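Colleague: I am new to this structure and would like to learn how to read it; could you show it to me and then take my questions in turn?

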There are 2 protein chains.
Amino acid sequence: MSRFLSPEAARLAPYTPGEQPVDMQYVKLNTNESPFPPSPRVLQDLSQEEAGRLNLYSDPACGRLNRAIAARYGLAPENVISGNGSDEVLAFAFRALCGTGRGVAFADITYSFYRSQAALFGLEETIVPLREDFSLNVDDYMDFPGTVVIANPNAPTGMALPRLDIQRLLEANPDRVVMVDEAYVDFGGRSALPLVEKYDNLLVVQTFSKSRSMAGLRIGFCIGSEKLIGYLNDVKFSFNSYTMNLPSQLLGAEAVRDDVYFKAITARIVATRERVKRELRTLGFTFPDSKANFIFASHETIPAQQIFQALREADIYVRYWNKPRISDSLRITIGTEEEMDTLLAFLKDYVSKRRF
Amino acid sequence: MSRFLSPEAARLAPYTPGEQPVDMQYVKLNTNESPFPPSPRVLQDLSQEEAGRLNLYSDPACGRLNRAIAARYGLAPENVISGNGSDEVLAFAFRALCGTGRGVAFADITYSFYRSQAALFGLEETIVPLREDFSLNVDDYMDFPGTVVIANPNAPTGMALPRLDIQRLLEANPDRVVMVDEAYVDFGGRSALPLVEKYDNLLVVQTFSKSRSMAGLRIGFCIGSEKLIGYLNDVKFSFNSYTMNLPSQLLGAEAVRDDVYFKAITARIVATRERVKRELRTLGFTFPDSKANFIFASHETIPAQQIFQALREADIYVRYWNKPRISDSLRITIGTEEEMDTLLAFLKDYVSKRRF
């Protein structure tokens, strides 16, 4: 045994977040953030009056925020748990629903944090490979007896599943929880939220970090049956009663009420994405059809790692993993029109020089 | 097995936080918050400019805040991990340092969250009773082979240990980590921080929720050897990479730099506490000698539960636990002079009516 480290901690596989360059002179397309500021209503709400109350604990139940989210999706506050980023509510769900005798299944190519959290709780994990074209076939999960976790749209591929597939999984085994991680659903996927009232074995996880432009506030939430949400709350109150601070609760509630701004910025990102797809194709890139705020692209002749390095030297940050099956692709976040113009201009020049 | 709940989660013992009354017409002395707002420098820093950057992830390493804390205590940033309240860094430490073959020991009467977190990670816990007068004798821990957790000053008693006692524990077994939870140390205790450079088996946990008047921002930190802090970081990055949002990182760093304000408000709370002690004694209360921002008082004739109920009906909230050894005491947070006057006036009247 190590001198201080517990055997459980010695088995951990900590997640590596995308680089956060310190100097601001770069085009940052590597962590799927929104390029737009939060709703102006949020900025107004960050007032001195609220700051004067920071000496008091924030509401451990996150009541105001949960009510705002529930109202937005036509559900009851008891169907909602909010947390410090979707990673936190995912961790609560992993601990509440998986353990001895009940493992967890997820894709080989998906959000890599599922593996980190499975290791954290010592869970038996079943890795289900995506098909050759990176598509996820829910038939591959039909017989799995534990908890199923599916990112929809998936990351880093951006590919989306039809709602009917999720429904088939839910119906195949009513004693098994299906967790759908919808971090990117607002950019063109179909949410499973309308299924929550019918299926008590469904958990839907979403985040304010992408489509709500609030990665810096750390707000995630999970929606499900009152019973499942109760289990997640018991984990939360065994870990940290007050996981969300006052600014996040106040500003989150305000953001979720501003549907006009939300629809406007997600539509802009989707429009930019579709334009970037067209332009990348003309430069010799191919990619799965992304419904997220990023594109997972590989070039017909130039290795992804070389493009990644060249971009980085030009202060354009995208995400690259030197891992099996995905080492020939780059994950490119959709930024502003201007940021994408910078990227495309660089790539046009770079690709033309490499061709001749 | 329950239909959805994991066996591990079924064994949880979630913490019950102090009541947070919704309506603001009350005197709230039940959760040990500071009655004062944060440093005015903090309020200035909550600017619109910062809010415009909320679309980007906050620094997962909390570099600016860690550097500010390290500078304040004359240590290196590598000796510091910041988290979402001290509960979160405590949880990271429990997971990193305790597990199979290495249990955890703490007092029977202490911060009750240690039990919740031990259950969360399925740890073997050894409960060491305080002495009859609520004092903690470190000799009772000398032979314990696992991790020792001591709140100093202890809660809810407020009693403080000399630094030499912590040092004796550290020296008794260099292969065992001693965690000292100093949530209340700034109100008159002696911190173990000067021992960090000498003992690589020491972890000191502190919080911004009490003496820094920032409970609503959720900031805690842990200081220790670079090796131990590295272990805690590995747990953090297996659970949630970005646990602290941008406002907490910015405002926390600003708060820790304002030592003048910090010293002024802690001195005011200490002065108020000493006055309240004198007045409570004249009303027939006894209590251990608190070095924290609360007093753990019992009355010579009136049961604590009756006083608790009477105070509550008068909209004065204190904390009461109907539990062995402590059911005859109330934990009274030190608020403003005016709040304590309200409490004392009520008690004077209440006690006099009960006497005759």
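Colleague: How many residues of chain A are in contact with residues of chain B?

Modeller: Please keep in mind that this is a predicted model, in which local features need pLDDT of at least 70 and side-chain atom pairs count only at pLDDT 80 or more, while totals for chains, interfaces and linings use all residues. Residues are numbered from 1 along each chain as its sequence is written, and chains are lettered from A and ligands numbered from 1 in the order in which they are written. Two residues are in contact if their C-beta atoms, placed from the backbone, lie within 7 Å; here 75 residues of chain A are in contact with 73 residues of chain B.

Colleague: Which element supplies the largest share of the side of chain A that touches chain B?

Modeller: Helices (H or I, at least four residues) and strands (E, at least two) are DSSP runs, numbered from the N terminus. On the side of chain A that touches chain B, α1, α3, α5, α6, α8 and α9 of chain A each supply at least two residues, and the largest share, seven residues, comes from α8(A). Sorted by class, that side has 39 nonpolar, 24 polar and 12 charged residues, where Ala, Val, Leu, Ile, Met, Phe, Trp, Tyr, Cys and Pro count as nonpolar, Asp, Glu, Lys and Arg as charged, and the others, Gly among them, as polar.

Colleague: What rotation superposes chain A on chain B?

Modeller: Copies are superposed by least squares on the C-alpha atoms of residues with pLDDT of at least 70 in both. A rotation of 180 degrees with 0.0 Å of shift along its axis brings chain A onto chain B, with an RMSD of 0.0 Å, and that is the relation of a two-fold axis. Because 97% of the interface residues of chain A are also interface residues in chain B, the copies meet through the same surface.

Colleague: How many residues of helix α6 of chain B are buried?

Modeller: A residue is buried if 20 or more other C-beta atoms lie within 10 Å of its own, exposed if 12 or fewer, and partly exposed in between, with C-beta atoms placed from the backbone. Helix α6 (residues 113–120) of chain B is mostly covered, with six of its eight residues buried, and among them are B:Phe113, B:Tyr114 and B:Leu120. The buried residues of α6(B) pack against α8 of chain A, together with α5, β3, β4 and β5 of chain B. After α6(B) comes B:Gly122, whose phi is positive, near 60 degrees.

Colleague: Where is A:Thr336 placed, and is A:Thr336 partly exposed or buried?

Modeller: A:Thr336 sits in the loop between β13 (330–333) and α12 (337–355) of chain A, and A:Thr336 counts as partly exposed because there are 15 C-beta neighbours inside 10 Å.

Colleague: Into which domains is chain A divided?

Modeller: Domain bounds come from an automatic or database domain assignment, and chain A is divided into domain 1 (7–36 + 260–355) and domain 2 (40–258). The C-alpha centres of these two domains of chain A lie 24 Å apart, and 29 residues of domain 1 are in contact with 27 residues of domain 2. On the side of domain 1 of chain A that touches domain 2, the elements that give two or more residues are α10 (259–282) and β10 (294–299) of chain A, and the largest share, seven residues, comes from α10(A).
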